[in-house]
Every structure is written in structure tokens, then in C-alpha cells.
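Please look at the sequence and the structure shown below, and keep both at hand while reading. The report moves from a surface patch to the sheets and then to the charged pairs.

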Amino acid sequence: MPRPTGRVLTLLELLQSGGTRTVAELAERLGVDGRTVRRYVDHLIDLDVPVESVRGRYGGYRLAPGYRLPPLMLSDDEALAVLLGLVAGRRAGLTTAERTASETVSAKIRRVLPKHVARRLDTLLESLAFTDQPGEFAAPDAGVLLTVADAVRHRRPVSIRYTDRDGRRSHRTLHAYGIVAHSGRWYVTGTDPEIDEARTFRLDRIADARTLPGSFDEPVGPDPAQRVLSGFATAEYRHEVTLRIHGTVEQIRARLPAGVATVEEYAPTAGEDPATERWLRVELRAERLDWLPPVLAALDRPFVIERPDELRDLVLALADRLASQARQI
């Protein structure tokens, strides 16, 4: 028969699964009477676990938010899911500036894993291979991330201290309406009310953030992820490239995703298949052009270079090299 301490921990696990549990339900699951359930609840409260009593016909007990995290009961599969999520998050760069937090929580969980579960985890990690290299990205401050998220949730202006890629520092007010994780970095997108323009900022470059009084309405249009990708495609770089490519949007996006280029979208006429190939205008900006000729070759679609002439010269040079290599025996 389980000892009282074991039943108290089982009670905590039942309450952590969510919702309100009636005394009768808990008594049946624990194999005790209602009076004993109440005594076990008192034990949890003595341990500062925030258990609330809910009155009424469907009343019982539930967990309430507390001033600190109570003991967390995880099943074997739940513990594995948490640890694998931490591994994936670290590789993708989706951590906060407190990098040690993910390491310490991993260590805490691994210390209490049953041996058979720990062996399963080690076997999986030893067998697991990644096709990409782990990212080395600057991580945002946890306090900044949570403050901005609160401003997004409640549609409140937020004041930030920001350092741009050239090292220039500034104080800004932002109407933030979305946080986006992209390629291992965190971004916040919104409107700068002083210039009435959409802006996107890297969260790791924000030194301080605080919410301001007031509220705002989110503008209609693309969702935050689309806004961030569009911002990348139209950012100020050295070269402005304009192409006409014969194909479908899907074919073009396979090599030139939304974060790299904009594609002239169009509404098909009545009865027209949207997958029909046609000439589409593609625009992008780049600091260098040497990566584009191989991309256009891999695209394998008819294309016309409208600008710049330098790109046309690079494509011709690549074509000459390929032809020369193909003629060798």
C-alpha cells in the first residue's frame, strides 16, 4: 500500500494535470476517504503549494499561481519531451541571455530520471544527428523578452533602448504587435509612432524595455511573421536586384523564400489555374551578388535580369565556366 508521502505526491500530480478535481474523484484515485484527501491538501499547503478550495456543487481543489514554482511532477514521456525541447532550443538559438538556465534545468531533470528513462534518453542523443551546425547567436535578455511579450499581448506602447548593427544607440517607442523567431534569432515587429512606419528590431539588441500607459490598435495586413520576412527582403543593402522569372510563385519560392525576395503576387482571373506558369517580377536586395547566379541556375526557369548589369556579367561568367567544364573529357 502506498505510504502517505507517496499519496501526497500523487495528489500533487493529479492537481497539476489541470482543472478542478472533486474530493470524491481524488479520494477514488488515491484509495482513501474524503477526510484523508483534505489532510493531504493541508500537507501541500504547508509546503507552500498554492492549492485552492473551490466551493459549490462542482467544487473541489485546484492549483493556483503561487509566488514560487511548486514541485513539478512529470511522467517519463513528459520529462523526455522537456529535455529534447531544451536540446532543440539550444541548437536553434532560441534561448534567453540566461544560457545557464537551460543547462541547470536539464541537469536537475536528469538527476532525478529513473535509470531506464535516462538510458533511453542517452541512446537517443547518441543516435541523433543534425543536418545543420549549432547556431551561435546572441540571445535576448529574459526580462526584455517578457516585457515586450506583455506589451504585445495587451497592446500597450513599449519604450526600448536599442543598438543598431552599426553600434548607434537610440531610445524608441514601439507599438509592438508580434514576436517572431527566425533562423535562430528573436525579433519584435511593430510600428514606430513617431514616424508612422513599420519597424522590426532584434530583441538581443534591446538593452532595456518598459511598457508605457495607453493602448493602440493593431493595423490590418500581414501577420507578424510575414512582416518580418518582408522586412528582410526589402532591407537596405548595397545592390537592388530586379528579375522577371517565368514560373509559378511556388517554383520561385523554392529557391528565393519570402525572407530573401518579394514576388509579384496576382489574382487569377475566373477559371485560371493559380499554378499556371507566367512571367513574374521578383525583387530583392543584397550586399553581395556572387551567390545569385548559382541560385538562378538551380531555379531552372527562364529569367530576365532587369538590373543590375553586374549580375548579368556574373551569370555569363558562371555559364562560361560551366560550359568549359562540360567540354572537358
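## A nonpolar patch

Leu124, Leu125, Leu128 and Phe130 make a nonpolar surface patch of about 300 Å². Patches are made of residues with over 30% relative accessible area and no salt bridge, where like charges are joined within 9 Å and nonpolar side chains (Val, Leu, Ile, Met, Phe, Trp, Tyr) within 5 Å; the areas come from the Shrake-Rupley method with a 1.4 Å probe, and for residues only the protein chains shown count as cover. Leu124 has its place in helix α6 (residues 115–127), and with a relative accessible area of 36% Leu124 is partly exposed, a term that lies between buried (under 20%) and exposed (over 50%), again with a 1.4 Å probe and protein chains only.

This is a predicted model, in which local features need pLDDT of at least 70 and side-chain atom pairs count only at pLDDT 80 or more, while totals for chains, interfaces and linings use all residues. Residues are numbered from 1 along each chain as its sequence is written, and side-chain values use heavy atoms, with hydrogens and water left out.

## The sheet of five strands

An open sheet is formed by 5 strands in the order β6-β5-β4-β3-β7, with antiparallel pairing; here two strands pair if DSSP finds at least two bridges between them, and helices (H or I, at least four residues) and strands (E, at least two) are DSSP runs numbered from the N terminus. The edge strands, each pairing on one side only, are β6 (197–202) and β7 (206–211), and the twist from one strand to the next averages 45 degrees. Axes are lines fitted to C-alpha atoms, for helices over the stretch in contact, and angles run from 0 to 180 degrees between N-to-C directions.

Strand β5 (residues 185–192) pairs with β6 over 6 bridges in the antiparallel sense, and Thr189 has Thr200 in β6 as its bridge partner. Helix α7 (residues 142–154) packs on this sheet and touches β3 (158–163), β4 (169–182), β5 and β7, its direction making about 40 degrees with that of β7; contact means heavy atoms within 4.5 Å.

## The sheet of four strands

Another open sheet has 4 strands in the order β9-β10-β8-β11, and the pairing is antiparallel. Its edge strands are β9 (261–263) and β11 (303–307), each of which pairs on one side only, and neighbouring strands are turned by 25 degrees against each other on average, direction ignored.

Strand β8 (residues 239–247) is joined to the antiparallel strand β10 (residues 278–286) by 9 bridges, and Ile245 has Leu280 in β10 as its bridge partner. Helix α11 (residues 309–327) packs on the sheet and touches β8 and β11, with its direction at about 140 degrees to that of β11.

## Charged pairs

How many salt bridges does a search of the whole structure find? The search finds 14 of them, a salt bridge being a side-chain nitrogen of Lys or Arg within 4 Å of a carboxyl oxygen of Asp or Glu. One of them joins the side chains of Arg110 and Asp122 (2.3 Å, N to O), linking helix α5 (residues 99–112) to helix α6 across 12 residues.

Glu306 forms a salt bridge with Arg281, their closest N and O atoms being 2.5 Å apart. Because Glu306 lies in strand β11 and Arg281 in strand β10, this pair ties together parts that are 25 residues apart in sequence. Glu306 is partly exposed at 32% relative accessible area, and Arg281 also counts as partly exposed, at 32%.
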